[in-house]
Structure formats: structure tokens, C-alpha cells
Amino acid sequence: MSQDLSIETLFSLRGCSALVTGGTSGIGLMMVEGLLRNGVQVYMVSRSAARCDEALRSVAGLGACVAIAADITDPVARARVVERVEADLPEGLDILVNNAGSNWGAKLAEYPDSAFDKLMKTNVSSVFSLTRDLHESLRRRAKHTGSARVVNIGSMDGLQVPIVQRVPTFAYSASKAALHHLTRALAVELGPQGITVNAIAPGFFESKMTKHVMSQYRQDIEDDCPLGRIGSAQDIVGTLLFLCSRAGGYVNGAVLPVDGGTSLSKGKPAWFEE
Ligand SMILES: NC(=O)c1ccc[n+]([C@@H]2O[C@H](COP(=O)([O-])OP(=O)(O)OC[C@H]3O[C@@H](n4cnc5c(N)ncnc54)[C@H](OP(=O)(O)O)[C@@H]3O)[C@@H](O)[C@H]2O)c1
């Protein structure tokens, strides 16, 4: 008997639940909106209660959304997040999106150890800790429905050394490369339980993190991209929906660049003609 290949069966996430860290701003908020618009119940997490309130207001009316003010690098706050998810979703969580992240740029001699430690904690080790702490919930869900998903937001800076910022971001690119490999390790560990683990490696998108660099170098950024533009909400949400839906069911341990080809080359070939 042939399989149902309709777009609804392949891509629908209606009735699923998702937790998005850093869901109150930038790429995280784009994904929260995209999930809500497609019938997913969403939990978003960020440190600032004010930003949680503001983000909740911006998605009001789109669907069931809860914002939890918590620092994912803090074990006590993380436990609060896990408790809330466990209390609300006794049958488990479908989708965990590890998106929260931070960046630091400085010249080599001025690059502080504290920044390096902070970035490794936020961008790598807290992703590991939260995934471990929500593993039981994801496993329960996968047992019940056949699958659950973890999507980590890496970066094209974890695939190549970034230069467009004009200031080095040593810890950021190292942390994103580490996150990509953590993704592969978790994919091998959790795959047998029906939980896929993948990473998206975005290029440039508008956000709080990129506001400064975008204000100074937007033209260079666009020129560096073979598609000649920055990423949009459709670009990131479409990729997320694919990875989380039945359509992405056989993708496990992948690091998917969503950067218009920027990490492959630099801009258009010199022989390009309009
Ligand atoms: N925008 C881009 O061009 C781009 C490109 C490649 C990769 N990325 C990645 O995409 C992800 C989202 O970045 P963005 O550009 O959208 O940046 P953003 O607008 O600065 O958003 C970062 C989000 O993470 C939250 N956050 C930061 N540290 C946290 C912590 N310890 N605990 C809980 N929440 C925390 C922030 O909220 P609070 O401040 O309230 O905590 C905010 O909601 C990051 O992992 C980033 O590395 C972005």
C-alpha cells in the first residue's frame, strides 16, 4: 500500500507542543510565530520578564502561548521550566528548539575569559543540560506518537570563520561549531528512541544580536550572499517546520545551513551577468 504523500500529512504540526528558548526576540520570535500560526502550542523562554510580556503581546491571538522568564544557564531556573512543561504536558513535549544564544566580539588581546566561558555556557552546555532535563518528556512523547524533535540553532559561523563583523568572535564561532557536533552526538544517542536531533545553521537574519552589525555592514552582508539578501521569517520557519514534521522524519544529526549559500562562497561570481 502506498504512503499518504499529501502536503497536510507530510508537513502538518497541528496539535503538537514546542518549547523555544530565546523565543522572545529575533529568530526565536519568528519561529514562535511560525509554530503558533501552524497550530502548535508554544512555550517560550527568555531571561527578561519584560521581553516575555512584550513578545506575548506581539503574538496575542495566534494560538496557545506561554512565556517563562528564566535563564537557561541557571540550573534552578531550568528546573522551573522543566517542571512547568511536565505539569502542563503529561504526555510529553513534541519539539524542543534550543535557540537562545549570545555573541561577543573583541580583538584577541582584549578578549576576556569571562566572555568565552559565558558563551560556551549559553550556546553549548546549557543546550546539553536542557535537552537532558527534557529528555524524559520528549521520550514519553516519542513513545506515544512515534517521534519527537530537537532542533538546535547553530550558525554559519560554526561552519566558517566569520569576518564580516570586522571584529573577531572567537568564542561564538567555536561555540557554534561545538553545538553542531553536540547535535550529531545527541542524534546518535536519541535516534533509537524516535527523537531526531538536528541543527539549523543560519546566515544573517534581523535580530537584537545583529542590529549593530547590520546597521554598519548590511550591504557587505548582502553582497557576500549568493542570493544577495539576508534571511527572512519564511526562510527560518519553513526549515523548522520541515525538520519538525513528518517530512523531516528521516533527517537526523544534520546541520542544515540556511544562509543563501553564504558559507559556501562569497557573493556572486565575478563573471555573473544580470
Ligand atoms: N540573527 C542572526 O543573524 C543569527 C545568525 C546565526 C545564528 N543565530 C543564532 O540564532 C539564535 C537567536 O539569535 P538572534 O539573532 O535571534 O538573537 P536575539 O534577538 O539577541 O535573541 C536571543 C534570544 O535569546 C534569549 N537569551 C539569551 N540568553 C539567554 C539565557 N541565558 N537564557 C534564556 N534566554 C536567553 C534572549 O532573551 P533575554 O535577553 O530576555 O534572555 C533572546 O530572546 C542564537 O543562537 C544565535 O546565535 C542568529
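Two strands pair if DSSP finds at least two bridges between them. I kept this criterion at hand while reading the structure, which is a predicted model.

**Entry 1: strand E1 and its partners**

I began with strand E1, residues 17-21. E1 and strand E2 (residues 41-46) pair in the parallel sense, and I noted 5 bridges between them. Within this pairing, Ser 17 has Gln 41 of E2 as its bridge partner. I then looked up E4, which runs parallel to E1 and is joined to it by 3 bridges. Here Val 20 stands opposite Val 97.

**Entry 2: the whole sheet**

I traced the strand order as E3-E2-E1-E4-E5-E6-E7, an open sheet of 7 strands with parallel pairing. The edge strands are E3 (65-69) and E7 (255-258), each of which pairs on one side only. Neighbouring strands are turned by 20° against each other on average, direction ignored. Between E2 and E3, which run parallel, I recorded 5 bridges; Val 45 stands opposite Ile 68 in E3.

**Entry 3: helices against the sheet**

I looked up helix H2 (residues 26-37), which makes a right-handed β-α-β unit with E1 and E2. H2 lies across E1, E2, E3, E4, E5 (148-153) and E6 (195-202), and runs at about 165° to E2. Helix H8 (residues 233-244) also packs on the sheet, where it touches E4, E5, E6 and E7. The direction of H8 makes about 145° with that of E5.

**Entry 4: Val 97**

I returned to Val 97, which is found in strand E4 (residues 95-98). Why does Val 97 count as buried? The cut-off is 20 or more other C-beta atoms within 10 Å, and Val 97 counts as buried because it has 27 C-beta neighbours inside that distance. Leaving aside residues up to four places away in sequence, Val 97 touches Ala 18, Leu 19, Val 20, Thr 21, Met 31 and Val 151.

**Entry 5: around the ligand**

I listed 29 residues around the ligand, of which Gly 22, Gly 26, Arg 47, Gly 101 and Ser 207 come nearest. By class, this shell has 9 nonpolar, 16 polar and 4 charged residues. Which element gives the most to the shell? I found that H2 does, with 3 residues.

Key: Residues are numbered from 1 along each chain as its sequence is written. This is a predicted model: local features need pLDDT of at least 70, side-chain atom pairs count only at pLDDT 80 or more; totals for chains, interfaces and linings use all residues. Helices (H or I, at least four residues) and strands (E, at least two) are DSSP runs, numbered from the N terminus. A residue is buried if 20 or more other C-beta atoms lie within 10 Å of its own, exposed if 12 or fewer, and partly exposed in between; C-beta atoms are placed from the backbone. Two residues are in contact if their C-beta atoms, placed from the backbone, lie within 7 Å. A crossover is right-handed if, with the strands pointing away from the viewer, the path from the first strand over the helix to the second runs clockwise. A residue is near a molecule or strand if its C-beta atom, placed from the backbone, lies within 6 Å of it. Ala, Val, Leu, Ile, Met, Phe, Trp, Tyr, Cys and Pro count as nonpolar, Asp, Glu, Lys and Arg as charged, and the others, Gly among them, as polar. Axes are lines fitted to C-alpha atoms, for helices over the stretch in contact, and angles run from 0 to 180 degrees between N-to-C directions.
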